[in-house]
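Colleague: I have a model open and would like to learn how to read it. Can we go through it feature by feature?

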Amino acid sequence: MDIVFLGPACRPAAGSQADTAPRQLAQALRRRGHAVLFLERTAPGTQREESSAVATYLDLADLHARFHSRVRRADLMLVDADVPQVADVSRWATNTAGGLTVFWDRDTPRTLARHALREDPGCMSPELFAGYRLYLCSSGGPVPRQLEREWGVARARVFLPGVDVGHFAPGSGRTRWDLGHLGPLSAERRGLLTQWLLGAARGWAEGRFVLAGMLSAVDDAWPANVARHAAPSPREHAGFLGAQRFTLALSQAEHTPGANLFEAAACGAALICDPWTGLEDLFALGEEVMVARTERDVLRYLLAMPEADRHQLGMRARARVLAEHTVAHRAVQLEQYANEAERGPPWMAPVRSLN
């Protein structure tokens, strides 16, 4: 396919997985044989990175002037939800594209919350969502059907983050903490983090705990055995997670995995998760991840699980990610969704061919 991919704004200094995920998907699609032009908005005066695979634009007028014809003839137009001026860009993209139009929402709970508040005039509206023929959302359960019934979305499908396994692998450093959490985290899950991580720290004074990248989730009254850590870069994730005996991986919202669930599992982390509906479809509960309902459950895992069992828990979670949740699998899944939306010939390969 000929694909035009509108990604988030170009931020050379940014290093979060959220910034790199769109580029990684574009690369995975290229490895599948597709021609992908990845477009990023950049500031005036910034040196442009131009090639047949990546290009930048200054604003919507520049986007239209330079890439109108390419978008018009593309087989697939993919718009990331974090593209600047997403509402205006979506209107332009759905009116211009001659092929399949796809919207990739990597934080559907945030989108639903913004729509409920109706405070941001620049955010997406149901009318704009309805202009796309395929909506890729980060939430499962009833959410895709809700988007179709209440928002007029033509076809909503679950599309979870994939892992570039070259960036996430088990670390070999020494253990520094018994339990840690790596943000970001939604506001509705911060209370659960406070209850479980800080509750476990208060219940086990000899234990060592760490909270990284989400320091605003709690106040200064936390226990002395909880360390504060700046958010590590993706390249530092493996070392950071490898220094923890257990990692607390909380969901972003009901039916929505946390932003770092698959990355942590790819690092071989021993995961303790909250019991959200849909987790059982991603990992085998009790074999690949442990589920906690209270801080007492968290403490029980920390104090009672043998080290050999803990290590095997993390390795089984990593094996599941390698088998089903890499960015290469997501590229194939996008092909399948696109073929379904187009109802054309079955030109894509099945997911199991990657195993």
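Colleague: Start with a single residue. Is Q85 buried, partly exposed or exposed?

Modeller: First, remember that this is a predicted model. Q85 has a relative accessibility of 39%, so it counts as partly exposed. The cut-offs are under 20% for buried and over 50% for exposed. Q85 sits in the loop between strand 4 and helix 3.

Colleague: What is the phi of Q85?

Modeller: About 55 degrees, a positive value, although Q85 is not a glycine. H255 is another residue to check: its phi is near 70 degrees, also positive, and it is not a glycine either.

Colleague: Where does H255 lie?

Modeller: In the loop between strand 11 (244–249) and helix 9 (261–266). H255 counts as buried, because its relative accessibility is 18%.

Colleague: Now a proline. Is P44 buried or exposed?

Modeller: P44 is exposed, at 69% relative accessible area. P44 belongs to the loop between strand 2 (35–41) and strand 3 (54–57). Look also at D59: it is 15 residues from P44 along the chain, and their C-alpha atoms are 9.3 Å apart.

Colleague: Next, helix pairs. How do I describe two packed helices?

Modeller: Take helix 2 (residues 60–73) and helix 3 (residues 86–96). They pack at about 30 degrees, with axes 10 Å apart. That makes helix 2 roughly parallel to helix 3. Their crossing is right-handed.

Colleague: Which residues meet there?

Modeller: Helix 2 brings L60, L63, H64, H68, V71 and R72. Helix 3 brings D88, V89, W92, N95 and T96. By type, the contact has 5 nonpolar, 4 polar and 2 charged residues.

Colleague: Which residues of helix 3 are buried?

Modeller: V86, A87, V89, S90, W92, A93 and T96. The buried residues of helix 3 pack against strand 1 (2–6), helix 2, strand 4 (76–80), strand 5 (100–104) and helix 5 (126–129).

Colleague: What should I expect of nonpolar side chains?

Modeller: In soluble globular proteins they tend to be buried together. Here the largest nonpolar core has 32 residues. Those with the most contacts inside this core are L6, L39, M77, V79, F103, Y135 and L147. Helix 3 supplies the largest share of the core, 5 residues. A second, separate core has 26 residues, including W204, L211, V226 and L302.

Colleague: Now the whole chain. How many helices and strands does the protein chain have?

Modeller: 12 helices and 13 strands. Of its 355 residues, 54% are buried. Consider contacts between residues at least 6 apart in sequence: 65% of them join residues at least 24 apart.

Definitions and conventions
Residues are numbered from 1 along each chain as its sequence is written. This is a predicted model: local features need pLDDT of at least 70, side-chain atom pairs count only at pLDDT 80 or more; totals for chains, interfaces and linings use all residues. Side-chain values use heavy atoms; hydrogens and water are left out. Axes are lines fitted to C-alpha atoms, for helices over the stretch in contact, and angles run from 0 to 180 degrees between N-to-C directions. Helices (H or I, at least four residues) and strands (E, at least two) are DSSP runs, numbered from the N terminus. Angles under 35 degrees count as roughly parallel, over 145 as roughly antiparallel, 65 to 115 as roughly perpendicular and the rest as oblique. A crossing is left-handed if the near helix is turned anticlockwise from the far one by less than a right angle, and right-handed if clockwise. Contact means heavy atoms within 4.5 Å. Ala, Val, Leu, Ile, Met, Phe, Trp, Tyr, Cys and Pro count as nonpolar, Asp, Glu, Lys and Arg as charged, and the others, Gly among them, as polar. A nonpolar core is a set of buried Ala, Val, Leu, Ile, Met, Phe, Trp, Tyr and Cys residues joined through side-chain atoms within 4.5 Å. Buried means under 20% relative accessible area, exposed over 50%, partly exposed in between (1.4 Å probe, protein chains only).
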